[in-house]
Amino acid sequence: MTNAPVKKVPIHLQSSQNRLLIKNGRVVNEDGMEDADVYVEDGIIKQLGRNLIIPGGTRVIDATGKLVMPGGIDPHTHLELEMMGAKTADDFYTGTRAAVAGGTTTVIDFVLPQKGQSLIEAYNHWREKADNKVCCDYALHVGVTWWSPSVMKEMEQLCTEEYGINSFKMFMAYKDAWMLDDYQLYCAIETCKNLGALPMVHAENGHIIARNTEKLIAAGKTDPEGHELSRDEEVEAEAVNRACVIANQANSPLYIVHMMSKSAVRALEIARTRQRQPVYGETLAATVGTDGTHYRNACFRHAAGHVMSPPLRSDPSTPQAIVEALADDRLQLIGSDNCTFHEKHKALGKNDFSRIPNGVNGVEDRMAILWQKGVNTGAMDPCRFVAATSATAARVFNLWPRKGLVAAGSDADLLVWDPRLTRTISAASHAHAVDFNIFEGQNVVGGPQYVIVNGRVCLDDGDLRVVEGFGRFLKTPAFCPYVFSSEPKHHTVHHQEPHQLPESPRSHSPQRVTNGTPTHELNIVSKQMAGTTLSSGCSTPTGRKMREPGQRDLQNSTFSLSKELDAPENKPSVRVRNPPGGKSSGLW
């Protein structure tokens, strides 16, 4: 039997399959917005502007009334991870598939060696698990879960061009598993500083957690609520302060992962007033999208499905306070900490909360949840949304300007974001492999209509078309200039009084923030977008919150997104002319 001849595709048709034009959209970067078309070829953004001259046969996506943004970068995932006697439901295929479905085009996962295991061996194992499965690009952090001279030597190897690692994670929790003591933590942070790598810390007091757990179980408190009771806000805040003290002694920058409470944010603000090097705070979609009241649910499956560390906080004012901190740059990034477990694995802790595998979903819903809770409520503008979901992560982990930016020369990782798109989050319809979703039943307004990964349309008008193994491993070079610049990037809050937050989670008001109606939310977004000039230059956001609905902005142009959306007869190519004396600055 002879093989059939391979049909060759003409070269001009091959290249046309790699060409894409996104027309009539509004490009949003972290530093401003502008009306511009985006031309993509061979996975790279080639041109940005109006009236572009492009080759024939190019696919065109009409983004009228939509936003064109950088693809999301999730700096914190755990895919195909084994922990606490279980393995995550999402592997590198289903996890990155879910990421793309939600608008995230790059994930950064964690290599977590077992105690005594070679860091290089663990790194190679993660690469073997991921390389042939990922649907989008990915990078890696490496955990330092034990300490010895050999670990220090392997950290140095990992920071070379051969391996491409520039961040290491240390745990102050998980006693007898991954936790380092303060001496070891100090040594690891010093080593990171010398290697030009960013130390990352899981900040909780592991010794206090261990003792509280013993006491609770002895008293018969074995249900999932015991998880939160064993590690309250004070336990997180103390560790945040201690991590900052150690980093300051080492004269090192620091990145604190998954900050979950108002107390932790307040501790970070106070610490920043003394830090010599920059400190970055990360929060999670789970933190802004739900709360710890679920731990008291009578259904074990429901309560255990929310167990993560640090835990969700029962204070119902926490989600909005965290959104405000993210909007005001008191926190800089939002990740997912996506670490999903099936019901049968969560059930391992049926009679002992300390045996419930820790982790929740979030990589798919991260961007929609922040848009809903942040942009739709007026807490942040679309530019700040881009900063929190992609641009800052690209800068901090030395992927900028290849990632996190819509500009000529950057990778064509793009979103066409529809601020009107509505959906109800549900495990029945999400792209994860797990059958539980902590955001179940929440309505969100705003989401990706198209997701482009390296120039390939992987979410096509809502139709998910990912390719297993399409993603690439991204090396992250050491001595990132954004982190290790000679001019420290202290945020304005470093030189101000710490932001006032409620002193105690027990003193909160019972009023809960609820979702607004789609019409109200769209009006807020429309007012925000109308607050920038539509000429060829970008406007620059102020970093302040948006105007309240109905408040007049004297610097605003006459453009209104809602009018554009509601008037299809308007020509999308019409541009606002500069008024006499020059265009508006776009500040609001």
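Contact here means heavy atoms within 4.5 Å. With that in hand, let's walk through this predicted model, beginning with the helices towards the end of the numbering.

**Helix pairs**

In α14, the residues Arg366, Met367, Leu370, Trp371 and Val375 meet Pro382, Phe385, Ala388 and Thr389 of α15. Sorted by class, that contact comes out as seven nonpolar residues, one polar and one charged. The α14 helix covers residues 366–375 and α15 covers 382–396; they pack at an angle of about 145°, with their axes 11 Å apart. The crossing of α14 and α15 is right-handed.

Take α5 to begin with: α4 (residues 149–158) and α5 (residues 182–195) pack at an angle of about 30°, their axes 10 Å apart. Angles under 35 degrees count as roughly parallel, so α4 is roughly parallel to α5. The handedness of the α4 and α5 crossing is right-handed. On the α4 side the contact is made by Met152, Met155 and Glu156, and on the α5 side by Ala188, Thr191, Cys192 and Leu195. Those residues split into five nonpolar, one polar and one charged.

How do the axes of α3 and α4 cross? They come within 9 Å and cross at roughly 45°, with α3 spanning residues 119–130. That angle makes α3 oblique to α4. Leu119, Ile120 and Tyr123 of α3 touch Val151, Glu154, Met155, Gln157 and Leu158 of α4. By class, the α3 and α4 contact holds six nonpolar residues, one polar and one charged. Met155 is worth a look on screen, as this α4 residue takes part in the contact with α3 and also in the contact with α5.

Here are the pairs side by side:

| Helix pair | Angle | Axes |
|---|---|---|
| α3 and α4 | roughly 45° | within 9 Å |
| α4 and α5 | about 30° | 10 Å apart |
| α14 and α15 | about 145° | 11 Å apart |

**Cavities**

Rolling a probe the size of a water molecule over the atoms shows where empty space is left. In this model there are six cavities of 30 Å³ or more.

Most residues other than glycine have a negative phi, and most peptide bonds are trans. A few spots here go the other way. Proline 310 sits in the loop between α11 (300–304) and α12 (318–327).

Tryptophan 400 and proline 401 are also linked by a cis peptide bond, with omega about 0°. Where is proline 401 found? Look in the loop between α15 and β18 (414–424), where α15 is the helix that packs with α14.

Aspartate 176 has a positive phi, near 70°, despite not being a glycine. This aspartate lies in the loop between β13 (167–171) and α5, and α5 is the helix that α4 packs with.

Methods:
Residues are numbered from 1 along each chain as its sequence is written. This is a predicted model: local features need pLDDT of at least 70, side-chain atom pairs count only at pLDDT 80 or more; totals for chains, interfaces and linings use all residues. Side-chain values use heavy atoms; hydrogens and water are left out. Axes are lines fitted to C-alpha atoms, for helices over the stretch in contact, and angles run from 0 to 180 degrees between N-to-C directions. Helices (H or I, at least four residues) and strands (E, at least two) are DSSP runs, numbered from the N terminus. Angles under 35 degrees count as roughly parallel, over 145 as roughly antiparallel, 65 to 115 as roughly perpendicular and the rest as oblique. A crossing is left-handed if the near helix is turned anticlockwise from the far one by less than a right angle, and right-handed if clockwise. Ala, Val, Leu, Ile, Met, Phe, Trp, Tyr, Cys and Pro count as nonpolar, Asp, Glu, Lys and Arg as charged, and the others, Gly among them, as polar. On a 1 Å grid over the protein atoms alone, a cavity is a set of points where a 1.4 Å probe fits but cannot get out, and a pocket is an open set with protein on both sides within 12 Å along at least five of seven lines; lining residues have an atom within 4 Å of a point. Grid points are joined across faces, edges and corners, and a volume is the space filled by probe spheres set on the points.
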